[in-house]
Amino acid sequence: MSDKTSVLEMRGITKRFPGGTLANDAIDLELGEREIHALLGENGAGKTTLMNILYGLVTPDEGEIRIDGTPVAIQGPADAIARGIGMVHQHFMLVPVLSVAENVVLGQEITGVGGVLDMRTAERRIRELAERLGFSVDPGTRVNQLSLGQQQRVEILKAIYRGARILVLDEPTAVLTPQETREIFGVLRRLRQDGTSIIFISHKLDEVLEIADRITVIRRGKVVGSRKPAQTNKDELAELMVGRAVSLRVDRGQSHPGDVTLEVVGLRALDDRRHEILQGVDLNVRAGEIVGIAGVGGNGQDELVECVVGLRKPNAGAIRLAGRDITRQSVEGRRDLGIAYVPADRQRFGLVLPYLLPDNFVLTRYGEVPYAGGLGGFVRQDQPIRNEAGRLAKEFDVRASSLDVAASTLSGGNQQKVVVAREFRHDLRVLVVDQPTRGLDVGSIEFIHKQVIERRDAGVAVLLVSAELDEVLDLSDRILVMYRGRIVGTFAAAEAQREKVGLLMATGEART
Amino acid sequence: MRRWRARLAPTWSKAQVPVYSIVLAFAVAAVVVIVSSAFTASGFDPLLPFAAYARLFAGAFGSGNGVANTLVAAAPLMFGGLAVGIGLKAGLFNIGVAGQFLVGAFAAAVTGAALAAAPTIVGMPLAMLAGGLAGAAYGFIPGYLKARTGAHEVVTTIMLNNAAALLLTWAVNDLVRAPGFSFPRTADIGQSALPILAGRNLHLGIAFAVAAVFVIRWILVRTTLGFEIRTVGANPSAARYAGMRPIFITALTMTISGLLAGLAGAIQMLGVIGFYAPGITASVGFDSIAVALLGRSDPIGILFAALLFGAFRAGAPLMQIETSVPIEVIDIIQALVILFLAADLIVRRVFRVRAPKIEIVELATVTGSWGAGTPPPGTAG
């Protein structure tokens with residue numbers, strides 16, 4: 001960036017973690033004024049470590065940080081904030097029961113006589129700031145009543161309110177819907193106009209190409225390239241990121257659907273807040289077919305999946321497996337009949353994070369022969385469990401230093417591979433996959449997509465739910481659009497155009 | 001030597017904070033002893049803690065009698081510690097050991113008295129069984145309430161502790177009062193008493209307790225039930241997803257916990273007390289919580305923690321007699337141990353112990369939001 005001055009320079013940043021892992025290996029990074037600089041890399045490439053160094057959360061072993069050309073020592077977040085660095089973490093750091101205004105001013109409260117909080121002034125300032133950034137937010141609303149997208153804007157507001165000139169966003173779109181992503185991009189552009197410089201961490205190629213002025217790619221702790229969006233494309237970026245040519249397009253091949261395996265009829269169910277979230281869902285999935293459900297998050301997809309696998313009791317309707325009514329079957333009973341499930345939230349449902357890998361590899365099969373035997377299946381059998389874990393780890397390329405590490409120490413991609421390896425067994429009839437690649441890097445996504453297609457070709461009925469419309473479009477043989485608890489449209493893969501499906505997702509109607 | 005080190009490393013990494021907590025507790029209690037010595041007739045004595053601790057040790061281990069007293073005091077604490085520990089494994093904090101202990105002791109006393117004339121081989125096992133079952137039933141109540149209605153076990157078990165003490169007082173007064181005594185109590189257990197193994201008072205209960213340690217350890221580590229209990233404690237959502245029934249496991253674990261607490265009451269009754277009278281001490285109930293925490297809910301850890309607390313009880317009288325340091329110092333040490341365990345950051349700072357990679361579920365259950373066992377954050381990103 002010769003035409004812009006650098007507000008931030010990081011030179012030769014090196015960080016070695018105990019155990020010898022080089023998280024950052026002599027990284028150079030330069031951020032221009034009014035620049036949106038994307039930091040692209042796979043999970044575990046060292047992006048977050050680099051930003052934690054900038055924010056003072058991690059001390060580098062070597063290297064120098066300059067702000068406006070002056071070398072600075074950043075000892076902690078307070079230093080970083082004082083120097084105009086703001087950070088929006090992947091997991092929001094808001095107090096759910098406090099209002100927007102209270103969260104924003106937390107630690108920098110405006111007080112009147114005798115230390116009394118002056119929330120009215122705070123609220124006015126926040127409203128003004130939000131308007132300047134191009135969005136509206138009621139400062140009096142409690143944070144736990146906001147959507148994730150809105151919460152993120154509050155985080156940005158908080159950073160700007162504290163005088164951030166350099167804003168770091170760590171995977172800001174990971175939890176957002178496509179609409180929310182578009183809105184946040186609008187906010188970021190407005191911020192850039194206003195004079196803020198932004199570091200945008202991501203592993204999503206489309207987004208990076210859309211929003212960034214410059215893209216720096218990090219692989220295994222090293223900068224492997226820096227590009228301007230106009231001079232590059234997805235394939236080149238993916239190759240830089242992964243270190244080898246990656247196929248971004250899914251080669252789905254021809255499907256050969258057989259008989260209807262999974263059938264859902266007139267399904268109605270309540271959500272956790274006791275609203276009727278499913279209002280009569282009908283669908284079927286044939287053997288050897290992938291049916292994808294497209295929809296904006298919160299339209300009942302999660303509840304539908306939970307009903308199918310037995311985690312939620314429907315109020316009405318029926319679920320059938322090859323003609324047999326399984327509506328009243330337990331989770332375990334359905335699993336025995338050949339229904340496997342990859343849950344959306346691997347850390348909450350799919351894994352027990354403190355457990356070592358073998359126990360996680362058999363988490364849903366712990367009571368089956370040969371993993372349990374003796375005294376009527378009461379005693380666990382260590383050797384078969386270990387053998388199976390070793391086999392699955394190898395087959396699904398789970399990268400861990402040994403089997404005897406806790407699942408919590410694995411990267412997100414490897415955690416997901418553990419879940420997928422466990423669920424994608426060979427005697428399956430129905431495979432329910434919810435957000436199978438959320439938060440994963442390109443290499444892992446490619447791998448998991450291949451596995452899903454392989455299962456389909458083996459005759460499994462696959463029900464896919466994903467917040468990534470592209471994933472649904474790429475993988476599915478048939479696409480259903482879900483809107484406010486109903487299926488409002490069906491597309492064959494060939495005729496599903498992105499715009500048509502997107503419009504139906506947003507409005508529930510084919511034409512408005 | 002080095003190989004031994006490598007083999008012991010995982011055990012040591014689990015045990016170091018508890019061990020250091022004990023060391024630190026002794027050190028801080030020593031300061032209390034020194035300071036308070038200035039206000040006694042014998043005057044300020046900076047070496048008093050050494051003398052006191054030496055006597056404490058001698059009292060607990062210095063003679064056959066001392067060892068016997070240590071084991072006798074440790075036995076109910078092992079059962080009680082296991083009761084609390086297995087609950088913590090499932091993410092449950094059973095504060096009701098005191099109540100379940102009393103119910104178990106009472107049932108054992110009444111059954112034992114009824115079979116006082118029968119041979120020991122008949123009366124003693126039946127009295128033990130009655131105590132265990134009564135405790136199990138009393139543990140089932142809060143387990144069922146939690147599973148069905150979500151009523152928090154901490155609240156319900158505290159209430160049930162009071163209910164047990166008062167109900168049993170009424171029962172002894174009005175239902176099973178033995179004639180011929182000036183105060184309300186049950187009849188003698190006679191032949192139903194636990195046989196003496198050695199010395200004056202070392203009864204069979206310690207063997208039962210040690211056996212229980214290994215049975216519970218086997219269940220937790222080696223069986224599918226133990227896997228279910230641990231999974232429900234570590235991550236109830238994942239347990240449900242895996243096809244387990246957290247509701248059932250919760251109720252069952254509280255019942256097992258009550259069973260163990262009831263057995264603690266039964267061996268204390270059949271091995272030491274001999275009859276039930278209102279006001280018998282249920283301090284075992286609360287010491288059990290300390291034992292479970294010190295043992296990190298691990299059965300082997302609980303075995304050693306119970307032996308330590310048993311040694312405190314057995315050695316303290318000699319310490320008081322020979323050095324005039326009051327028995328209450330033991331309570332100070334015990335309290336400090338738990339304090340340092342809960343505030344393990346202090347211990348880690350003092351002894352430069354690195355934080356574990358994995359949050360300890362059991363302690364999170366107690367110190368965190370009651371029973372909600374927050375899963376440790378992942379390392380994604």
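What radius of gyration would a compact globule of 381 residues have, and what value does chain B have? For 381 residues a compact globule would have a radius of gyration near 21 Å, and chain B agrees with this at 22 Å; the radius is taken over C-alpha atoms, and the globule rule is 2.2 Å times the number of residues to the power 0.38. This is a predicted model, in which local features need pLDDT of at least 70 and side-chain atom pairs count only at pLDDT 80 or more, whereas totals for chains, interfaces and linings use all residues. Residues are numbered from 1 along each chain as its sequence is written, chains are lettered from A and ligands numbered from 1 in the order in which they are written, and side-chain values use heavy atoms, with hydrogens and water left out.

Of the 381 residues in chain B, 53% are buried (under 20% relative accessible area, with a 1.4 Å probe and protein chains only). Among contacts (heavy atoms within 4.5 Å) between residues of chain B at least 6 apart in sequence, 75% join residues at least 24 apart.

Chain B has 15 helices and two strands, which are DSSP runs (H or I of at least four residues for helices, E of at least two for strands) numbered from the N terminus. Two of the helices meet as follows.

| Helix | Residues | Residues in the contact |
|---|---|---|
| α4(B) | 97-114 | B:Val97, B:Ala98, B:Phe101 |
| α11(B) | 283-294 | B:Val284, B:Gly285, B:Phe286, B:Ser288 |

The axes of α4(B) and α11(B), which are lines fitted to C-alpha atoms over the stretch in contact, lie 7 Å apart at an angle of about 135 degrees.

Conventions:
Axes are lines fitted to C-alpha atoms, for helices over the stretch in contact, and angles run from 0 to 180 degrees between N-to-C directions. Buried means under 20% relative accessible area, exposed over 50%, partly exposed in between (1.4 Å probe, protein chains only).
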